[in-house]
Amino acid sequence: MLRAVIDTDVMVAALESSAGASRQILLHAFRGDMHLLLSTALMLEYEAVLTRLETLERSGLSTSAVLAVLDEVARLCTPVAFDYRWRPVAADQDDDFVIETAINGEADVIVSFNARDMEKGAARFGISVERPALVLRRLAR
């Protein structure tokens, strides 16, 4: 089964649009079609970004609704502790903890719209960085 880390940009897109590939990725995770890997650092970023006023306005969701989604994500995820720190790895240092989550969780893929900043660092560990639509194709096989 595919082991995946979902970048924050994909989580934002999943909550802002019910029709996109990002929402489908999240639904696949909820159905147990893939192992969702999550570290404390990544969950904290999800919460900080998804509960920003501008994100809430774009999604049309309340803070409590977003927190309920995150509670479900926390319930179903495979928790990842950082046994090792790998920094710097990403072209943008703000993405290092996403790659660290993937490395320490033995991920197959990081689902992100930001492949350019992460793919070189992730590839060193045999982890691909793919857009949601490509990951959906992998899940359909």
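This is a predicted model: local features need pLDDT of at least 70, side-chain atom pairs count only at pLDDT 80 or more; totals for chains, interfaces and linings use all residues.

Now the overall dimensions. A compact globule of 141 residues would have a radius of gyration near 14 Å, and the chain has 14 Å, so the two agree. Along the principal axes, the C-alpha atoms fill a box of roughly 40 × 35 × 25 Å. Of the 141 residues, 47% count as buried. If you take contacts between residues at least 6 apart in sequence, 63% of them join residues at least 24 apart.

In what order do the strands lie? The 5 strands form an open sheet in the order 3-2-1-4-5, with parallel pairing. Strand 3, residues 78–79, and strand 5 are the edges, and each pairs on one side only. Strand 3 is joined to strand 2 by 2 bridges. There, Leu37 stands opposite Thr78 of strand 3.

On to helix 3, residues 40–50. Its buried residues are Leu42, Met43, Tyr46, Val49 and Leu50. The face turned away from them carries Thr40 and Leu44, which are exposed. Several elements cover the buried residues of helix 3, among them strand 1, strand 2, helix 1 and helix 5.

In the largest nonpolar core, which has 45 residues, Tyr46 and Ile110 touch the most other members. Beyond its neighbours within four places in sequence, Tyr46 contacts Ile6, Asp7, Thr8, Met11, Leu38, Leu70 and Val73. As background, nonpolar side chains in soluble globular proteins tend to be buried together.

Last, helix 7, residues 115–123. Which of its residues are buried? They are Ala115, Asp117, Met118, Gly121 and Ala122. Down the axis of helix 7, they fall within an arc of 155 degrees, so they too line one face. Arg116 and Lys120, on the other side of helix 7, are exposed. The cover over its buried residues includes helix 6, strand 4 and strand 5.

That is what I had. Questions are welcome.

Note on methods:
Residues are numbered from 1 along each chain as its sequence is written. Side-chain values use heavy atoms; hydrogens and water are left out. Buried means under 20% relative accessible area, exposed over 50%, partly exposed in between (1.4 Å probe, protein chains only). Helices (H or I, at least four residues) and strands (E, at least two) are DSSP runs, numbered from the N terminus. Contact means heavy atoms within 4.5 Å. The arc is that of the directions from the helix axis to the C-beta atoms. Two strands pair if DSSP finds at least two bridges between them. A nonpolar core is a set of buried Ala, Val, Leu, Ile, Met, Phe, Trp, Tyr and Cys residues joined through side-chain atoms within 4.5 Å. The radius of gyration is taken over C-alpha atoms; the globule rule is 2.2 Å times the number of residues to the power 0.38.
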